[in-house]
Amino acid sequence: RRPANIPPGPRGLPVVGYIPFLKKHDATPYKALIKLSQTYGPVTGFYMGLNLTISVCGYEAVKEALNNDDLNGRPDTFARRARTFGKRLGFMFVDGDFFREQRRFALRHLRDLGFGRTSAEEMIQEEIRELIRLIGEQAGSDPEGVVHFQSGSFNRNVLNILWALTGGERFKGDDARLTSLLGMVELFNRSFKPQTASIAVPAFLLRLFPSLWKIMGIRNDIFEPLQKFMRETIEEHAETRSDDDPPRDYIDVFLKEMEKQQTDHNANTSFHYEQLIAATIDLFIAGSETSSNAIGFALLYLIHNPDVQRKMQAELDQICGDALPSLAHRPSLVYTEAVLIETLRLANVAPLTLMHCASKDTQLRGFNVPKGSLVMINLYSVHMDETYWTDPEVFRPERHLDADGLKVKKSERLMSFGLGKRQCLGEPLARNSFFLFTTALVKAFQLKAIPDRPLPTLEPLTGVTNAYQGFQVIVTPRL
Ligand code: HEM
(Lines give C-alpha, C1' and ligand atoms only; values in the text may rest on other atoms or scores of the structure.)
Protein backbone atom coordinates (compact mmCIF):
# COMPACT_ATOMS: atom_id res chain seq x y z
CA ARG A 1 0.00 0.00 0.00
CA ARG A 2 1.20 3.47 -0.86
CA PRO A 3 1.61 5.76 2.15
CA ALA A 4 -1.00 8.52 2.49
CA ASN A 5 -0.71 11.70 0.43
CA ILE A 6 2.58 10.85 -1.26
CA PRO A 7 3.04 12.33 -4.75
CA PRO A 8 1.04 10.56 -7.46
CA GLY A 9 2.87 8.16 -9.71
CA PRO A 10 2.80 4.87 -11.57
CA ARG A 11 2.65 1.51 -9.85
CA GLY A 12 5.26 -1.09 -10.62
CA LEU A 13 5.86 -4.74 -9.84
CA PRO A 14 6.42 -6.17 -6.38
CA VAL A 15 10.11 -6.05 -5.30
CA VAL A 16 11.54 -4.28 -8.39
CA GLY A 17 8.95 -1.51 -8.44
CA TYR A 18 8.84 0.72 -11.52
CA ILE A 19 12.46 0.19 -12.64
CA PRO A 20 11.69 -2.13 -15.57
CA PHE A 21 9.21 0.40 -17.01
CA LEU A 22 11.17 3.63 -16.77
CA LYS A 23 13.01 2.88 -20.01
CA LYS A 24 9.82 2.75 -22.05
CA HIS A 25 9.42 6.53 -21.57
CA ASP A 26 12.96 7.28 -22.75
CA ALA A 27 16.29 5.44 -22.66
CA THR A 28 17.85 8.43 -20.90
CA PRO A 29 16.69 8.48 -17.26
CA TYR A 30 16.41 12.28 -16.85
CA LYS A 31 14.25 12.48 -19.98
CA ALA A 32 12.12 9.51 -18.89
CA LEU A 33 11.44 11.31 -15.59
CA ILE A 34 10.27 14.43 -17.43
CA LYS A 35 7.84 12.26 -19.44
CA LEU A 36 6.48 10.88 -16.16
CA SER A 37 6.00 14.41 -14.84
CA GLN A 38 3.87 15.21 -17.89
CA THR A 39 1.39 12.59 -16.69
CA TYR A 40 1.66 12.88 -12.91
CA GLY A 41 2.87 16.42 -12.23
CA PRO A 42 6.19 17.99 -11.15
CA VAL A 43 6.62 15.66 -8.17
CA THR A 44 6.04 12.01 -8.95
CA GLY A 45 6.24 9.13 -6.49
CA PHE A 46 7.02 5.55 -7.47
CA TYR A 47 8.96 2.59 -6.13
CA MET A 48 12.44 1.66 -7.28
CA GLY A 49 13.11 -1.70 -5.68
CA LEU A 50 11.66 -1.27 -2.20
CA ASN A 51 12.61 2.42 -2.06
CA LEU A 52 9.94 5.06 -2.44
CA THR A 53 11.41 7.48 -4.94
CA ILE A 54 10.30 11.03 -5.58
CA SER A 55 11.17 12.50 -8.96
CA VAL A 56 11.26 16.30 -8.96
CA CYS A 57 10.95 18.28 -12.21
CA GLY A 58 10.44 21.93 -13.12
CA TYR A 59 11.76 25.15 -11.57
CA GLU A 60 9.32 25.60 -8.66
CA ALA A 61 9.48 22.02 -7.41
CA VAL A 62 13.26 21.73 -7.90
CA LYS A 63 13.87 25.00 -6.06
CA GLU A 64 11.59 23.97 -3.19
CA ALA A 65 13.29 20.56 -2.92
CA LEU A 66 16.82 21.98 -2.93
CA ASN A 67 15.92 24.59 -0.32
CA ASN A 68 14.31 22.04 2.01
CA ASP A 69 17.02 20.96 4.42
CA ASP A 70 15.12 17.78 5.30
CA LEU A 71 15.67 16.67 1.69
CA ASN A 72 19.42 17.22 1.79
CA GLY A 73 20.36 13.78 3.07
CA ARG A 74 22.11 11.14 0.99
CA PRO A 75 21.02 7.49 0.79
CA ASP A 76 23.03 5.11 2.92
CA THR A 77 23.45 1.76 1.23
CA PHE A 78 25.81 -1.18 1.53
CA ALA A 79 26.94 -0.60 -2.05
CA ARG A 80 27.88 3.02 -1.31
CA ARG A 81 29.76 2.16 1.87
CA ALA A 82 31.64 -0.58 0.05
CA ARG A 83 33.74 2.04 -1.74
CA THR A 84 34.81 3.69 1.51
CA PHE A 85 35.96 0.92 3.87
CA GLY A 86 32.39 -0.07 4.80
CA LYS A 87 31.78 3.36 6.35
CA ARG A 88 30.07 6.58 5.28
CA LEU A 89 32.97 8.81 4.28
CA GLY A 90 33.95 11.47 1.75
CA PHE A 91 31.75 14.41 0.68
CA MET A 92 29.29 13.20 -1.89
CA PHE A 93 27.51 10.41 -0.03
CA VAL A 94 27.55 11.58 3.59
CA ASP A 95 25.14 13.82 5.49
CA GLY A 96 24.34 15.18 8.95
CA ASP A 97 26.98 16.66 11.26
CA PHE A 98 29.81 14.70 9.64
CA PHE A 99 28.97 16.22 6.27
CA ARG A 100 28.58 19.76 7.62
CA GLU A 101 31.92 19.65 9.43
CA GLN A 102 33.83 18.21 6.48
CA ARG A 103 32.21 20.50 3.93
CA ARG A 104 32.83 23.64 5.98
CA PHE A 105 36.45 22.67 6.52
CA ALA A 106 36.98 21.87 2.84
CA LEU A 107 35.37 25.08 1.58
CA ARG A 108 37.39 27.25 3.95
CA HIS A 109 40.75 25.65 3.30
CA LEU A 110 40.39 25.07 -0.42
CA ARG A 111 39.55 28.77 -0.70
CA ASP A 112 42.63 29.72 1.31
CA LEU A 113 44.73 27.54 -0.97
CA GLY A 114 43.48 29.43 -4.02
CA PHE A 115 40.34 27.54 -5.05
CA GLY A 116 38.41 29.93 -7.28
CA ARG A 117 40.71 32.84 -6.49
CA THR A 118 43.06 34.88 -8.61
CA SER A 119 46.06 33.41 -6.74
CA ALA A 120 45.53 30.14 -8.64
CA GLU A 121 45.16 31.95 -11.96
CA GLU A 122 48.84 31.87 -12.94
CA MET A 123 48.91 28.09 -12.47
CA ILE A 124 45.77 27.68 -14.59
CA GLN A 125 47.33 29.90 -17.29
CA GLU A 126 50.43 27.71 -17.34
CA GLU A 127 48.30 24.63 -17.90
CA ILE A 128 46.42 26.49 -20.65
CA ARG A 129 49.59 27.57 -22.45
CA GLU A 130 50.75 23.96 -22.45
CA LEU A 131 47.40 22.83 -23.86
CA ILE A 132 47.47 25.50 -26.57
CA ARG A 133 50.98 24.41 -27.55
CA LEU A 134 49.86 20.78 -27.84
CA ILE A 135 46.76 21.56 -29.90
CA GLY A 136 48.84 23.87 -32.13
CA GLU A 137 51.32 21.04 -32.69
CA GLN A 138 48.58 18.57 -33.56
CA ALA A 139 46.99 21.02 -36.01
CA GLY A 140 50.42 21.73 -37.54
CA SER A 141 51.16 18.05 -38.09
CA ASP A 142 48.02 17.47 -40.20
CA PRO A 143 47.95 18.83 -43.77
CA GLU A 144 44.37 20.11 -43.31
CA GLY A 145 44.93 21.20 -39.70
CA VAL A 146 42.47 18.58 -38.41
CA VAL A 147 42.61 17.90 -34.68
CA HIS A 148 40.83 14.97 -33.03
CA PHE A 149 39.46 15.93 -29.61
CA GLN A 150 38.71 12.67 -27.84
CA SER A 151 35.87 12.49 -25.35
CA GLY A 152 37.35 13.64 -22.05
CA SER A 153 40.34 15.25 -23.77
CA PHE A 154 40.42 18.15 -21.28
CA ASN A 155 40.00 16.01 -18.14
CA ARG A 156 43.74 15.86 -17.54
CA ASN A 157 44.21 19.64 -17.77
CA VAL A 158 41.29 20.53 -15.55
CA LEU A 159 42.10 17.88 -12.97
CA ASN A 160 45.69 19.12 -12.86
CA ILE A 161 44.52 22.43 -11.40
CA LEU A 162 42.40 20.74 -8.75
CA TRP A 163 45.17 18.30 -7.97
CA ALA A 164 47.77 21.03 -7.52
CA LEU A 165 45.56 22.45 -4.74
CA THR A 166 44.65 19.08 -3.26
CA GLY A 167 47.79 16.98 -3.62
CA GLY A 168 50.38 19.66 -4.34
CA GLU A 169 51.53 18.74 -7.83
CA ARG A 170 50.49 18.94 -11.43
CA PHE A 171 50.85 15.70 -13.34
CA LYS A 172 53.23 15.72 -16.30
CA GLY A 173 51.68 15.59 -19.77
CA ASP A 174 52.23 11.86 -20.29
CA ASP A 175 51.91 10.59 -16.71
CA ALA A 176 50.76 6.98 -17.23
CA ARG A 177 49.35 6.67 -13.73
CA LEU A 178 47.09 9.67 -14.25
CA THR A 179 45.91 8.29 -17.60
CA SER A 180 44.98 5.05 -15.90
CA LEU A 181 43.19 6.74 -12.96
CA LEU A 182 41.26 9.02 -15.28
CA GLY A 183 40.28 5.96 -17.32
CA MET A 184 38.85 4.42 -14.14
CA VAL A 185 36.84 7.53 -13.32
CA GLU A 186 35.47 7.61 -16.85
CA LEU A 187 34.44 3.97 -16.54
CA PHE A 188 32.69 4.74 -13.26
CA ASN A 189 30.88 7.76 -14.69
CA ARG A 190 29.78 6.11 -17.92
CA SER A 191 28.53 2.88 -16.31
CA PHE A 192 26.62 4.72 -13.57
CA LYS A 193 22.83 4.32 -13.66
CA PRO A 194 21.21 7.06 -11.56
CA GLN A 195 17.89 5.22 -11.46
CA THR A 196 19.33 2.11 -9.76
CA ALA A 197 22.64 3.03 -8.13
CA SER A 198 21.07 4.19 -4.84
CA ILE A 199 18.65 1.33 -4.29
CA ALA A 200 19.21 -0.38 -0.96
CA VAL A 201 20.09 -3.87 -2.18
CA PRO A 202 21.04 -5.99 0.87
CA ALA A 203 24.67 -7.05 1.23
CA PHE A 204 23.88 -10.80 1.09
CA LEU A 205 22.18 -10.40 -2.31
CA LEU A 206 25.16 -8.50 -3.70
CA ARG A 207 27.45 -11.26 -2.41
CA LEU A 208 25.25 -14.03 -3.82
CA PHE A 209 24.78 -12.33 -7.19
CA PRO A 210 27.86 -10.23 -8.02
CA SER A 211 26.32 -9.39 -11.41
CA LEU A 212 23.90 -7.13 -9.49
CA TRP A 213 26.66 -4.51 -9.20
CA LYS A 214 26.74 -4.19 -12.96
CA ILE A 215 22.93 -4.22 -13.26
CA MET A 216 22.77 -1.36 -10.73
CA GLY A 217 25.45 0.54 -12.65
CA ILE A 218 28.03 0.69 -9.89
CA ARG A 219 31.70 0.06 -10.70
CA ASN A 220 33.22 -0.11 -7.23
CA ASP A 221 36.29 -1.91 -8.58
CA ILE A 222 37.74 1.43 -9.65
CA PHE A 223 38.20 2.49 -6.04
CA GLU A 224 41.04 0.14 -5.19
CA PRO A 225 43.61 1.78 -7.51
CA LEU A 226 42.35 5.23 -6.50
CA GLN A 227 42.75 4.36 -2.80
CA LYS A 228 46.25 3.05 -3.44
CA PHE A 229 47.21 6.27 -5.20
CA MET A 230 45.77 8.42 -2.41
CA ARG A 231 47.45 6.32 0.28
CA GLU A 232 50.85 6.72 -1.36
CA THR A 233 50.34 10.45 -1.87
CA ILE A 234 49.23 10.95 1.73
CA GLU A 235 52.14 8.93 3.13
CA GLU A 236 54.56 10.97 1.07
CA HIS A 237 52.96 14.15 2.47
CA ALA A 238 53.13 12.88 6.04
CA GLU A 239 56.87 12.24 5.63
CA THR A 240 57.73 15.58 4.06
CA ARG A 241 55.42 18.11 5.72
CA SER A 242 56.54 20.41 8.48
CA ASP A 243 54.47 22.46 10.90
CA ASP A 244 56.95 25.31 10.49
CA ASP A 245 56.07 25.75 6.81
CA PRO A 246 52.73 26.92 5.41
CA PRO A 247 50.60 23.98 4.20
CA ARG A 248 51.36 23.12 0.59
CA ASP A 249 47.90 21.75 -0.22
CA TYR A 250 44.66 20.27 1.14
CA ILE A 251 46.32 17.03 2.24
CA ASP A 252 48.78 19.01 4.42
CA VAL A 253 45.95 21.06 5.94
CA PHE A 254 43.97 17.91 6.71
CA LEU A 255 46.97 16.09 8.22
CA LYS A 256 47.57 19.07 10.49
CA GLU A 257 43.94 19.01 11.63
CA MET A 258 44.19 15.26 12.26
CA GLU A 259 47.20 15.87 14.49
CA LYS A 260 45.37 18.60 16.39
CA GLN A 261 42.35 16.39 17.00
CA GLN A 262 44.62 13.61 18.25
CA THR A 263 46.33 16.00 20.66
CA ASP A 264 42.88 17.06 21.89
CA HIS A 265 41.99 13.35 22.36
CA ASN A 266 38.85 13.80 20.29
CA ALA A 267 37.81 10.19 19.77
CA ASN A 268 34.74 11.07 17.70
CA THR A 269 36.58 13.26 15.27
CA SER A 270 35.63 13.18 11.59
CA PHE A 271 39.25 14.01 10.74
CA HIS A 272 40.95 10.68 10.27
CA TYR A 273 43.07 8.88 7.73
CA GLU A 274 40.25 6.99 6.00
CA GLN A 275 38.24 10.18 5.61
CA LEU A 276 41.24 11.88 4.02
CA ILE A 277 41.46 9.07 1.47
CA ALA A 278 37.71 9.20 0.78
CA ALA A 279 37.64 13.02 0.57
CA THR A 280 40.53 13.23 -1.89
CA ILE A 281 38.93 10.50 -4.03
CA ASP A 282 35.62 12.40 -4.08
CA LEU A 283 37.40 15.58 -5.17
CA PHE A 284 39.29 13.65 -7.84
CA ILE A 285 36.12 12.06 -9.23
CA ALA A 286 33.91 15.14 -9.03
CA GLY A 287 36.60 17.43 -10.44
CA SER A 288 37.92 15.47 -13.37
CA GLU A 289 35.02 15.29 -15.80
CA THR A 290 32.56 18.04 -15.11
CA SER A 291 34.31 21.31 -16.02
CA SER A 292 36.18 19.60 -18.83
CA ASN A 293 32.92 18.42 -20.39
CA ALA A 294 31.61 21.97 -20.22
CA ILE A 295 34.71 23.14 -22.14
CA GLY A 296 34.21 20.43 -24.81
CA PHE A 297 30.52 21.30 -25.25
CA ALA A 298 31.35 25.01 -25.55
CA LEU A 299 33.72 24.26 -28.44
CA LEU A 300 31.11 22.04 -30.10
CA TYR A 301 28.42 24.74 -29.89
CA LEU A 302 30.85 27.26 -31.39
CA ILE A 303 31.67 24.89 -34.27
CA HIS A 304 27.93 24.56 -34.91
CA ASN A 305 27.47 28.33 -34.62
CA PRO A 306 30.36 30.05 -36.46
CA ASP A 307 28.73 33.50 -36.14
CA VAL A 308 28.72 33.20 -32.37
CA GLN A 309 32.35 32.09 -32.48
CA ARG A 310 33.35 35.12 -34.58
CA LYS A 311 31.48 37.50 -32.30
CA MET A 312 33.09 36.00 -29.20
CA GLN A 313 36.53 36.20 -30.80
CA ALA A 314 35.97 39.83 -31.75
CA GLU A 315 35.09 40.67 -28.14
CA LEU A 316 38.05 38.71 -26.76
CA ASP A 317 40.42 40.49 -29.18
CA GLN A 318 39.00 43.89 -28.32
CA ILE A 319 39.11 43.46 -24.54
CA CYS A 320 42.21 41.29 -24.07
CA GLY A 321 44.41 42.54 -26.92
CA ASP A 322 47.30 40.13 -27.44
CA ALA A 323 47.07 38.61 -23.97
CA LEU A 324 45.24 35.46 -22.99
CA PRO A 325 41.93 36.21 -21.23
CA SER A 326 42.27 36.63 -17.47
CA LEU A 327 39.77 36.86 -14.62
CA ALA A 328 40.31 40.63 -14.57
CA HIS A 329 38.93 40.84 -18.13
CA ARG A 330 35.83 38.89 -17.19
CA PRO A 331 33.47 41.73 -16.21
CA SER A 332 34.05 43.40 -19.62
CA LEU A 333 33.47 40.20 -21.61
CA VAL A 334 29.69 40.44 -21.71
CA TYR A 335 28.95 38.48 -24.88
CA THR A 336 31.50 35.82 -23.92
CA GLU A 337 29.83 35.45 -20.53
CA ALA A 338 26.49 34.89 -22.25
CA VAL A 339 28.10 32.15 -24.40
CA LEU A 340 29.40 30.40 -21.27
CA ILE A 341 26.07 30.67 -19.46
CA GLU A 342 24.23 29.30 -22.49
CA THR A 343 26.70 26.42 -22.68
CA LEU A 344 26.08 25.43 -19.06
CA ARG A 345 22.31 25.65 -19.62
CA LEU A 346 22.22 23.57 -22.78
CA ALA A 347 25.01 21.06 -22.07
CA ASN A 348 23.53 19.96 -18.74
CA VAL A 349 26.82 18.45 -17.70
CA ALA A 350 25.09 17.29 -14.48
CA PRO A 351 21.50 16.64 -15.62
CA LEU A 352 20.37 15.27 -12.24
CA THR A 353 21.86 16.27 -8.92
CA LEU A 354 23.43 13.42 -6.97
CA MET A 355 20.69 11.40 -5.30
CA HIS A 356 19.13 13.22 -2.34
CA CYS A 357 17.23 11.50 0.45
CA ALA A 358 14.66 12.62 3.02
CA SER A 359 16.38 12.70 6.41
CA LYS A 360 13.00 13.27 8.15
CA ASP A 361 9.31 13.06 7.23
CA THR A 362 8.69 16.23 5.28
CA GLN A 363 6.56 17.80 2.55
CA LEU A 364 7.12 18.85 -1.04
CA ARG A 365 4.55 20.79 -3.10
CA GLY A 366 1.99 19.84 -0.44
CA PHE A 367 2.66 16.09 -0.68
CA ASN A 368 4.11 13.92 2.06
CA VAL A 369 7.66 12.70 1.61
CA PRO A 370 8.38 10.02 4.21
CA LYS A 371 11.80 9.76 5.85
CA GLY A 372 14.18 7.63 3.79
CA SER A 373 12.56 8.40 0.40
CA LEU A 374 15.04 8.78 -2.45
CA VAL A 375 14.77 12.13 -4.21
CA MET A 376 15.84 12.58 -7.84
CA ILE A 377 16.18 16.24 -8.67
CA ASN A 378 16.08 17.07 -12.35
CA LEU A 379 18.18 20.13 -13.28
CA TYR A 380 17.79 19.31 -16.97
CA SER A 381 14.03 19.86 -16.66
CA VAL A 382 14.68 23.41 -15.39
CA HIS A 383 17.18 24.31 -18.12
CA MET A 384 15.09 22.83 -20.93
CA ASP A 385 11.67 24.04 -19.77
CA GLU A 386 9.96 25.20 -22.96
CA THR A 387 7.37 27.20 -21.04
CA TYR A 388 10.17 29.54 -19.93
CA TRP A 389 13.00 29.25 -22.48
CA THR A 390 11.89 29.79 -26.07
CA ASP A 391 13.28 26.94 -28.22
CA PRO A 392 15.27 25.47 -25.33
CA GLU A 393 17.16 23.13 -27.71
CA VAL A 394 18.65 26.10 -29.59
CA PHE A 395 22.04 27.54 -28.59
CA ARG A 396 21.35 31.26 -28.31
CA PRO A 397 23.65 33.30 -26.01
CA GLU A 398 21.60 36.46 -26.66
CA ARG A 399 18.82 35.09 -24.44
CA HIS A 400 21.06 35.96 -21.47
CA LEU A 401 21.64 39.59 -22.54
CA ASP A 402 19.48 42.67 -22.04
CA ALA A 403 17.87 44.35 -25.07
CA ASP A 404 21.00 46.46 -25.83
CA GLY A 405 23.28 43.44 -25.49
CA LEU A 406 25.35 45.38 -22.97
CA LYS A 407 24.52 43.52 -19.78
CA VAL A 408 24.16 39.91 -18.72
CA LYS A 409 20.72 39.00 -17.38
CA LYS A 410 21.03 36.62 -14.43
CA SER A 411 18.23 34.07 -14.24
CA GLU A 412 17.27 32.07 -11.15
CA ARG A 413 16.40 29.29 -13.54
CA LEU A 414 20.04 28.49 -14.17
CA MET A 415 21.23 26.01 -11.60
CA SER A 416 23.94 23.86 -13.18
CA PHE A 417 25.71 23.59 -9.81
CA GLY A 418 22.55 22.84 -7.81
CA LEU A 419 21.33 25.09 -4.98
CA GLY A 420 21.36 25.29 -1.22
CA LYS A 421 23.37 23.31 1.27
CA ARG A 422 24.39 20.60 -1.21
CA GLN A 423 25.36 23.01 -3.95
CA CYS A 424 28.49 21.91 -5.81
CA LEU A 425 31.53 22.14 -3.55
CA GLY A 426 33.83 22.80 -6.50
CA GLU A 427 31.80 25.61 -8.07
CA PRO A 428 34.31 28.49 -7.64
CA LEU A 429 37.14 26.48 -9.19
CA ALA A 430 34.87 25.00 -11.86
CA ARG A 431 33.58 28.43 -12.94
CA ASN A 432 37.08 29.88 -13.19
CA SER A 433 38.55 26.88 -15.00
CA PHE A 434 35.63 26.81 -17.45
CA PHE A 435 36.03 30.53 -18.18
CA LEU A 436 39.83 30.57 -18.50
CA PHE A 437 40.18 27.40 -20.60
CA THR A 438 37.29 28.08 -22.96
CA THR A 439 38.10 31.72 -23.63
CA ALA A 440 41.80 30.97 -24.15
CA LEU A 441 41.07 28.19 -26.65
CA VAL A 442 38.59 30.31 -28.57
CA LYS A 443 41.00 33.24 -28.66
CA ALA A 444 43.93 31.06 -29.69
CA PHE A 445 42.19 29.03 -32.40
CA GLN A 446 39.64 29.29 -35.15
CA LEU A 447 37.55 26.10 -35.01
CA LYS A 448 35.87 25.09 -38.25
CA ALA A 449 33.77 22.08 -39.21
CA ILE A 450 35.38 19.79 -41.80
CA PRO A 451 33.75 20.57 -45.19
CA ASP A 452 31.51 17.90 -46.73
CA ARG A 453 31.28 15.99 -43.48
CA PRO A 454 28.35 15.99 -41.06
CA LEU A 455 28.77 18.40 -38.16
CA PRO A 456 30.08 16.67 -35.01
CA THR A 457 27.28 15.29 -32.87
CA LEU A 458 25.97 17.19 -29.86
CA GLU A 459 24.44 14.03 -28.38
CA PRO A 460 26.04 13.37 -25.00
CA LEU A 461 27.42 10.17 -23.56
CA THR A 462 25.30 9.72 -20.44
CA GLY A 463 26.01 8.46 -16.90
CA VAL A 464 26.56 10.54 -13.74
CA THR A 465 27.59 13.35 -16.04
CA ASN A 466 26.82 14.16 -19.66
CA ALA A 467 30.05 13.98 -21.65
CA TYR A 468 30.71 15.23 -25.19
CA GLN A 469 31.60 12.60 -27.75
CA GLY A 470 34.98 12.77 -29.45
CA PHE A 471 35.01 15.09 -32.49
CA GLN A 472 37.28 16.22 -35.30
CA VAL A 473 37.62 19.82 -36.37
CA ILE A 474 39.86 22.07 -38.45
CA VAL A 475 41.97 24.16 -36.11
CA THR A 476 43.70 27.33 -37.33
CA PRO A 477 45.93 29.26 -34.90
CA ARG A 478 44.87 32.92 -34.49
CA LEU A 479 47.52 34.29 -32.14
C1 HEM B 1 30.99 22.60 -14.69
C2 HEM B 1 31.44 21.92 -13.66
C3 HEM B 1 30.59 21.34 -12.55
C4 HEM B 1 29.23 21.20 -12.46
C5 HEM B 1 28.17 21.60 -13.48
C6 HEM B 1 28.96 20.59 -11.17
C7 HEM B 1 27.69 20.30 -10.70
C8 HEM B 1 27.43 19.69 -9.49
C9 HEM B 1 26.11 19.28 -9.05
C10 HEM B 1 24.82 19.51 -9.81
C11 HEM B 1 26.26 18.68 -7.84
C12 HEM B 1 25.17 17.98 -7.03
C13 HEM B 1 24.46 18.87 -6.06
C14 HEM B 1 23.39 18.10 -5.33
O15 HEM B 1 23.51 16.88 -5.14
O16 HEM B 1 22.39 18.73 -4.97
C17 HEM B 1 27.67 18.71 -7.51
C18 HEM B 1 28.19 18.21 -6.34
C19 HEM B 1 29.53 18.21 -6.05
N20 HEM B 1 30.55 18.73 -6.82
FE21 HEM B 1 30.35 19.63 -8.61
N22 HEM B 1 30.14 20.37 -10.51
C23 HEM B 1 31.17 20.82 -11.31
C24 HEM B 1 32.51 20.80 -11.01
C25 HEM B 1 33.06 20.35 -9.84
C26 HEM B 1 34.46 20.38 -9.52
C27 HEM B 1 35.57 20.95 -10.41
C28 HEM B 1 34.61 19.82 -8.29
C29 HEM B 1 35.90 19.65 -7.59
C30 HEM B 1 36.18 19.93 -6.42
C31 HEM B 1 33.27 19.46 -7.82
C32 HEM B 1 32.99 18.87 -6.59
C33 HEM B 1 31.74 18.51 -6.16
C34 HEM B 1 31.48 17.79 -4.91
C35 HEM B 1 32.52 17.34 -3.89
C36 HEM B 1 30.08 17.62 -4.84
C37 HEM B 1 29.29 16.95 -3.72
C38 HEM B 1 28.74 18.02 -2.80
C39 HEM B 1 27.78 17.45 -1.77
O40 HEM B 1 27.45 16.28 -1.79
O41 HEM B 1 27.33 18.22 -0.93
N42 HEM B 1 32.37 19.79 -8.79
N43 HEM B 1 28.36 19.33 -8.54
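This is a predicted model: local features need pLDDT of at least 70, side-chain atom pairs count only at pLDDT 80 or more; totals for chains, interfaces and linings use all residues.

Biologist: Good to know. Let's start with the ligand: how many residues surround the ligand, and which are the closest?
Modeller: There are 24 residues around the ligand, and the closest are Ala286, Gly287, Gly418, Cys424 and Gly426. The elements giving two or more residues to that shell are α13 and α17 (427–444).

Biologist: Which element gives the largest share of the shell?
Modeller: That would be α13, with seven residues.

Biologist: And how do the shell residues divide into nonpolar, polar and charged?
Modeller: The shell has 15 nonpolar residues, seven polar ones and two charged ones.

Biologist: Back to α13, then. How do the axes of α13 and α15 cross?
Modeller: Helix α13 covers residues 273–304 and helix α15 covers residues 334–347; their axes come within 9 Å and cross at roughly 105°. Angles of 65 to 115 degrees count as roughly perpendicular, and α13 and α15 are therefore roughly perpendicular to each other.

Biologist: Which residues meet there?
Modeller: From α13 you have Asn293, Ala294, Phe297, Ala298 and Tyr301, and they meet Leu340, Thr343, Leu344 and Ala347 of α15. By class, that contact of α13 with α15 has seven nonpolar residues, two polar ones and no charged ones.

Biologist: Nice. Switching to the sheet: what is the strand order?
Modeller: The order is β3-β9-β8, an open sheet of three strands with antiparallel pairing. The edge strands are β3 and β8 (445–448), each pairing on one side only. From one strand to the next, the twist averages 45°.

Biologist: How many bridges join β8 to β9?
Modeller: Four bridges join those two antiparallel strands. Phe445, for instance, has Pro477 in β9 as its bridge partner.

Biologist: What about β3 and β9, how many bridges there?
Modeller: β3 (residues 146–149) and β9 (residues 471–477) pair over four bridges, in the antiparallel sense. Opposite His148 stands Gln472 in β9.

Biologist: One last thing: which strands does α13 lie across?
Modeller: Helix α13 lies across β3, β8 and β9, and runs at about 65° to β8.

Methods:
Residues are numbered from 1 along each chain as its sequence is written. Axes are lines fitted to C-alpha atoms, for helices over the stretch in contact, and angles run from 0 to 180 degrees between N-to-C directions. Angles under 35 degrees count as roughly parallel, over 145 as roughly antiparallel, 65 to 115 as roughly perpendicular and the rest as oblique. Two residues are in contact if their C-beta atoms, placed from the backbone, lie within 7 Å. Ala, Val, Leu, Ile, Met, Phe, Trp, Tyr, Cys and Pro count as nonpolar, Asp, Glu, Lys and Arg as charged, and the others, Gly among them, as polar. A residue is near a molecule or strand if its C-beta atom, placed from the backbone, lies within 6 Å of it. A residue is buried if 20 or more other C-beta atoms lie within 10 Å of its own, exposed if 12 or fewer, and partly exposed in between; C-beta atoms are placed from the backbone. Two strands pair if DSSP finds at least two bridges between them.
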